[in-house]
Amino acid sequence: MSSARDMNSLGKAQDVETRIGSLLEVMSIEEKVGQLNQVQCTGPNVVEDLAHGIRSGRVGSVINVVDPDAINAMQHIAIHESRHGIPLLIGRDVIHGFKTVAPLPLGQAASWNPGLVRECARVSAQEATAYGINWTFAPMIDIARDPRWGRVAESLGEDPFLASALGAAMVVGFQESANGEADTLIACAKHFAGYGASEAGRDYNTTNLPLNEMRNVYLPPFKAAREAGVATFMTSFSDIDGIPATASDFLLDEVLRQEWGFDGAVVSDWDAIHQLCVHGLCENDVEATYLAARAGVDIDMISGVYERHIPELVASERLPMERLDTLVGNVLRVKIQAGLMDRDVTVLPEEPARMSGLALVREAAAQSLVLLRNENAVLPLEATRLDRLAVIGPLADEPAEQLGTWVFDGDPARSVTPLAALHAMLEGEVEIDHVRALETTRSRDRSQFDAAFAAAQSADMAIFFIGEEAILSGEAHSRADITLPGVQADLVRHVRGAGKPVIGVILAGRPLAMGDIADQFDALIYAWHPGSMGGPAIADTLFGRCVPSGKLPVSFPTMSGQVPIYYAHKQTGRPATPETVIHIDDIPSGAEQTSLGMTTFHLDAGYLPLYPFGFGLSYTTFDYADLSIDRHHVPLGGRVVVEASITNTGDRAGTEIVQLYVRDRFGSLTRPVRELKGFERIHLEPGQSHRVRFELHTDELAFYGRDGAFAAEPGDFDVWVAPSSVGGLHTHFAITA
């Protein structure tokens, strides 16, 4: 938060606890429970409908009210007309922008730029707090390794190290005010924990996670958020090995409170306390209330069960008053530390100038673009060599669709589409023929195929803007088949027959399985849903004003049936190799079973992704050379330094994201074949070299082992400095006891 650096001082901590204790002494049970009660009211008379509850102290937070006048009026009642003057938490899903929208989080993750991610969150905070919102339900730091899951769009990818770095940056951006406490937006790390492992990628589904997987893969980003000072956590909808997260003593008490020392507030997800009954964990809301309160859920999001049942649980002494006071104290602590109790929150900060925010999200969009294919260096384009462009596809001119999922308040009027940006850039130089061809990305109507073909035939080249509309990803928007929806792939193949170069720009909320279509493009850019200024960023990149630098934060499957597929997989006892893989079409008649490789692969898809984690091309080339390591044996508690020289060997300036990977060859538990342990963005002029230096402490190689202890283990390690999770310069070292 804005005062995050001060919060840990003993004097301030004592002052906060004294204030909490003083309030708890004079609050009634109903007023205490009110602090735990979050309500939603979306009718036209929200202030009138909630006024009595706020005035009587029975409401502690409100969700999904965005009218600044209504928020102002409610806060005035809470501060000046309730008995204790405790302000409200005003919650809203400000995920990757408020009015001005940055690329969706998965797109921001492709920048591998924590500073940029932090600044995008800061713009969100400035805009949202100008409307009176003081709490966002972000960042979502679930590890997402199944792109069928719609919420992969809201994630920061498949890797714990990258998600930790970017999630922590987002927390700081939301909570660290640049202009005083008024524009502090309380962050909420969600969904605690394991939600991204939902079976079949189906939202809200069961998750079955071994403890070592939970500890080593899914919890690290949440711990990083905790260390970055996140003020609140949100529980997952899912049950984990039979216990829904909203009732998990292990997650909420043992890990979060005892191990990590978290003293902020935990909020349930939407109606999740009542849904403990639906899960089948308990038979009624009284039991659900008891289980959630005992586990450590401080705020009940909209179900109303705390308000109805905590007083009776306390009266019966089943729920001790001390437990209730702990829950209430956690909520009060958030309000005090965020500064809400020490300023007039009915005086709203001014919304920042639009242009500064637009410039930032334009840069974020540019850095999020990933160049996946560029045959014969068809990109970048040169306007002086073009007379006519065919711009084809349903997403070339859709200002709302390019914003992506979770943009309740995003303003499409601030969007500049790719078509508009190309017209502005090329006016008077290049003629543009736009053929939508399909009404939506899901359409199966082929009636405009010939018009698209004719446009391409009469142009110098065709640029496709295809992918997924925003509605196809996000919460509850999971897909079993994650190929291009509708007949978009057929459209590309049809237009390819015109014999002109074909460039693809994919706008989507997830990695799509494009193994059957990728080679139809001469060049392919993955743009995710790039936000308000996605159009100019794409146009700049197509024409070389920006050089692509994005790298994939997720692996791309060849086909849907490969998922989950991710780089940090286990070796298995029968690892696949290129020599052992045989394709289903190549199986000879009468083949023996033992001739089929007998290793871990799919007969119809092999074992490799279409594009690996960390991959991304540029308009220039980078050479990796002169790998060095300062020692091949390092004692526990020591450090090893790995260096390599990176040289821009092309004729354009560019930015490379250099990545450090390790493999623990032998452990008390089997370990991934590679793990990301560092990265650095470097900008190089043509011919320029830079010596990249990674310092790796043995503590950074620790994991939860067979005995449950978190420690680095002596043994042999591989290490790579690489442009992606595949290949790179390799050396090794050993940790000695």
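Reply: Happy to. Helices (H or I, at least four residues) and strands (E, at least two residues) are DSSP runs, numbered from the N terminus. This is a predicted model, in which local features need pLDDT of at least 70 and side-chain atom pairs count only at pLDDT 80 or more, while totals for chains, interfaces and linings use all residues. Residues are numbered from 1 along each chain as its sequence is written, and side-chain values use heavy atoms, with hydrogens and water left out.

Let's start with helix packing. Two packed helices are described by the angle between their axes and the distance between the axes. Here the axes are lines fitted to C-alpha atoms, for helices over the stretch in contact, and angles run from 0 to 180 degrees between N-to-C directions.

Helix H8 spans residues 160-175, and its axis comes within 8 Å of the axis of helix H10 (residues 220-227), crossing at roughly 30 degrees. H8 and H10 are therefore roughly parallel to each other; the classes are roughly parallel under 35 degrees, roughly antiparallel over 145, roughly perpendicular from 65 to 115, and oblique for the rest. The crossing of H8 past H10 is right-handed, which is the term used when the near helix is turned clockwise from the far one by less than a right angle, with left-handed for anticlockwise. On the H8 side, the contact (heavy atoms within 4.5 Å) is made by Pro160, Ala163, Ser164, Ala168 and Val171, and H10 contributes Pro220, Pro221, Ala224 and Ala225. By class, this contact has eight nonpolar residues, one polar and no charged. In that scheme Ala, Val, Leu, Ile, Met, Phe, Trp, Tyr, Cys and Pro are nonpolar, Asp, Glu, Lys and Arg are charged, and the others, Gly among them, are polar.

H8 also packs with helix H7 (residues 114-129), at an angle of about 35 degrees and with the axes 7 Å apart. The H7 and H8 crossing is right-handed. From H7 come Pro114, Val117, Arg118, Ala121, Arg122, Ser124 and Ala125, which meet Ala165, Leu166, Ala169, Met170, Val172, Gly173 and Phe174 of H8. The tally for the H7 and H8 contact is ten nonpolar, two polar and two charged.

Pro139 sits in the loop between strand E4 (135-136) and H8, and the peptide bond from Ala138 to Pro139 is cis, with omega near 5 degrees. Most residues other than glycine have a negative phi, and most peptide bonds are trans. Another cis bond runs from Leu379 to Pro380, with omega near 0 degrees. Pro380 belongs to the loop between strand E11 (370-374) and strand E12 (388-392), and Asn376 is found in the loop between E11 and E12 too. Asn376 has a positive phi, near 55 degrees, in a residue other than glycine. With a relative accessible area of 76%, Asn376 is exposed; buried means under 20% relative accessible area, exposed over 50%, and partly exposed in between, with a 1.4 Å probe and protein chains only. Ala476, in the loop between strand E14 (461-467) and helix H19 (488-496), likewise has a positive phi, near 70 degrees. Ala476 counts as partly exposed at 47% relative accessibility.

Ser61 counts as buried at 1% relative accessibility. Leaving aside neighbours within four places in sequence, Ser61 is in contact with Asn37, Gln38, Val39, Leu88, Leu89, Trp135 and Ile299.

E17 and E19 (residues 639-648) run antiparallel and are joined by six bridges, and Phe622 has Asn648 in E19 as its bridge partner.

Notes: Pairing = 2+ DSSP bridges.
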